[in-house]
Amino acid sequence: MLIVALIFAALAALLHVYIFVLESLRWTAETTRKTFGTSVAEANATKEMAFNQGFYNLFLAVVTSAGIVAAAAGHHGVGAALVLAGAGSMLAAGLVLLISSPSKAKAALVQLAFPLLAVVLVLVSLAS
């Protein structure tokens, strides 16, 4: 069960690295603006905020990845704790987006699906 949890955690981490790239490196690019539904003016006005937010996503991916590596190395408790911290924060952020911006439900569900599965499966693996 832990292996499946780590696979979902890895998918969550990869998704959040992709979000980092969009927010911190490509925020004003046409394709990114289309993805987020922002105009040139909106993208330019929010560039610093998006840059910072992208790094939050990257740091969550790093914590989650460190947990994956620790668990794979046999340090299951440490790995589980790090995966729960990283993926749990991703899940919480997705829930905040879903609740605060119902019009962005699709993006929120994309953001929280892999972390939700990772968190549930890590908890199940710890209980067994």
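**Through the core, the rings and the pocket**

Val 83 lies in helix H5, where helices (H or I, at least four residues) are DSSP runs numbered from the N terminus. The model is a predicted one, in which local features need pLDDT of at least 70 and side-chain atom pairs count only at pLDDT 80 or more, while totals for chains, interfaces and linings use all residues. Residues are numbered from 1 along each chain as its sequence is written, and side-chain values use heavy atoms, with hydrogens and water left out.

With a relative accessible area of 0%, Val 83 is buried; here buried means under 20% relative accessible area, exposed means over 50%, and partly exposed covers the range in between, with a 1.4 Å probe and protein chains only. If neighbours within four places in sequence are left aside, Val 83 is in contact with Leu 6, Ala 9, Thr 64, Gly 67, Ile 68, Gly 88 and Val 122, where contact means heavy atoms within 4.5 Å. The C-alpha atom of Val 83 is separated by 9.3 Å from that of Leu 60, 23 residues apart along the chain, and by 12 Å from that of Ser 125, 42 residues apart along the chain.

Val 83 also belongs to the largest nonpolar core, which has twelve residues, the others being Ala 5, Leu 6, Ala 9, Ile 68, Ala 71, Ala 80, Ala 87, Ala 118, Val 119, Leu 121 and Val 122. The elements giving two or more residues to this core are helix H1 (2-25), helix H4 (47-72), helix H5 (76-100) and helix H6 (105-127), and H6 gives the most, with four residues. A nonpolar core is a set of buried Ala, Val, Leu, Ile, Met, Phe, Trp, Tyr and Cys residues joined through side-chain atoms within 4.5 Å. In soluble globular proteins, nonpolar side chains tend to be buried together.

Residues of helices H4 and H5 can be followed in the same way. Leu 60, which lies in helix H4, touches Gly 86, Ser 89 and Met 90, not counting residues up to four places away in sequence. Leu 82, in helix H5, counts as partly exposed at 30% relative accessibility, and by that same rule of counting Leu 82 touches Val 63, Thr 64, Ala 66 and Gly 67.

Helix H6 holds both Ser 125 and Ala 108. Ser 125 is buried, with a relative accessible area of 16%, and touches Met 1 and Leu 2, again without residues up to four places away in sequence. Ala 108 counts as buried at 0% relative accessibility, and its contacts, leaving aside neighbours within four places in sequence, are Gly 94, Leu 97 and Leu 98.

The aromatic rings come next. A pair of aromatic rings is described by the distance of the centres and the angle of the planes. Rings of Phe, Tyr and Trp (its six-membered ring) pair if their centres lie within 6.5 Å, and planes under 30 degrees apart count as stacked, over 60 as edge-to-face and the rest as tilted. By this rule the count comes to five aromatic pairs. The rings of Phe 8 and Phe 114 have centres 6.2 Å apart and planes at 35 degrees, so this pair is tilted, and the pair links distant parts of the chain, since Phe 8 is in helix H1 and Phe 114 in helix H6, 106 residues apart. Phe 8 is partly exposed, with a relative accessible area of 22%, and Phe 114 counts as partly exposed at 30% relative accessibility.

Phe 55 and Phe 59 form a tilted pair, 5.9 Å centre to centre and with 50 degrees between the planes; being four residues apart in helix H4, they are separated by about one helical turn. Ring pairs link Phe 20, Phe 51, Phe 55 and Phe 59 into a cluster.

Finally, there is the largest pocket, with a volume of about 810 Å³. Of the 26 residues that line the largest pocket, the closest to its centre are Glu 23, Phe 36, Gln 53, Leu 97 and Gln 111. On a 1 Å grid over the protein atoms alone, a pocket is an open set of points where a 1.4 Å probe fits, with protein on both sides within 12 Å along at least five of seven lines, and lining residues have an atom within 4 Å of a point. Grid points are joined across faces, edges and corners, and a volume is the space filled by probe spheres set on the points.
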